[in-house]
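Please keep the model open as you read.

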Amino acid sequence: MPALADRNSILLKDTRLENSRICQPQQWNIHGRIFGGFLMRRAFELAFSTTYTYAGLVPYFLEVDHVDFLRPVDVGDFLRFKSCVLYTQLDKLDCPLINIEVVAHVTSPEIRSSEVSNTFYFKFTVRPEAKARNNGFKLRNVVPATEEEARHILERMDAEALNSSKQQA
């Protein structure tokens, strides 16, 4: 229950940011679709902003954890990017991990529909020298407010653990 969380916690929903854009012809690839690198850049920029807002310090990018290209994005599509701090790993105080999820939706306002086109997962931290300059720096623990959010976090953590065990093998 979120009400039982300590004062150094923040609800997942309170870490959300969002932006929108109409996809233009200058971003298309040779197949007439929006270039995947363009989508990744926009997702990264939102993930960086989300981390910066959450941490209160300039984040340090560590890795692109995972990317799913589920549906192509066409020129003229209305694209909405939604991000959140999915979970944090605060056990290493010198290098806390901040896991960001960005989901891109192709939206059709005229028929009130939205379809996920991409999901992106990024990892950030905060540089030790930035923390040293900010006395009393402390990241808040991200907690889910619903069972669905909790399940989603656990699924992502399991997928990450599975990927890391495959890489070590």
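Strand β5 is largely enclosed by the rest of the structure, because 10 of its 12 residues are buried; buried means under 20% relative accessible area, exposed over 50% and partly exposed in between, with a 1.4 Å probe and protein chains only. This is a predicted model, in which local features need pLDDT of at least 70 and side-chain atom pairs count only at pLDDT 80 or more, while totals for chains, interfaces and linings use all residues. Residues are numbered from 1 along each chain as its sequence is written, and side-chain values use heavy atoms, with hydrogens and water left out.

**The sheet**

- Five strands make an open sheet with antiparallel pairing, in the order β2-β4-β5-β6-β3. Strands (E, at least two residues) and helices (H or I, at least four) are DSSP runs numbered from the N terminus, and two strands pair if DSSP finds at least two bridges between them.
- At the edges are β2 (17-22) and β3 (59-69), each of which pairs on one side only.
- From one strand to the next, the twist averages 25°. Axes here are lines fitted to C-alpha atoms, for helices over the stretch in contact, and angles run from 0 to 180 degrees between N-to-C directions.
- Helix α1 (residues 36-55) lies across β2, β3, β4 (78-89), β5 and β6, and runs at about 55° to β6. Contact means heavy atoms within 4.5 Å.

**Strand partners**

- β5 pairs with β4 over 11 bridges in the antiparallel sense, and leucine 97 in β5 is the bridge partner of glutamine 89.
- β5 and β6 are also joined in the antiparallel sense, over 11 bridges, with valine 106 bridged to glutamate 115 in β6.
- Four residues sit between the strands in the hairpin of β5 and β6, where arginine 112 takes a positive phi near 50°.
- Nine bridges link β3 and β6, again antiparallel; aspartate 68 stands opposite threonine 119 in β6.

**Lysine 123**

- Is this lysine buried or exposed? Lysine 123 lies in strand β6 and is buried, with a relative accessible area of 9%.
- Lysine 123 touches Phe61, Leu62, Glu63, Asp65, Ile98, Asn99 and Glu160, leaving aside residues up to four places away in sequence.
- Proline 59 is 64 residues from lysine 123 along the chain, and their C-alpha atoms are separated by 9.8 Å.

**The cavity**

- There is one cavity of 30 Å³ or more. On a 1 Å grid over the protein atoms alone, a cavity is a set of points where a 1.4 Å probe fits but cannot get out, and a pocket is an open set with protein on both sides within 12 Å along at least five of seven lines; lining residues have an atom within 4 Å of a point.
- The largest cavity holds about 40 Å³ of space, a volume being the space filled by probe spheres set on the points, which are joined across faces, edges and corners.
- Lysine 123 is one of its lining residues, which also include Asp65, Asn99 and Glu160.
- β6 gives the most to this lining, with three residues.

- The largest pocket has a volume of about 270 Å³.
- Of its 14 lining residues, Arg16, Glu101, Glu148, Glu149 and His152 are the closest to its centre.
- α3 gives the most to the lining of the largest pocket, with five residues.
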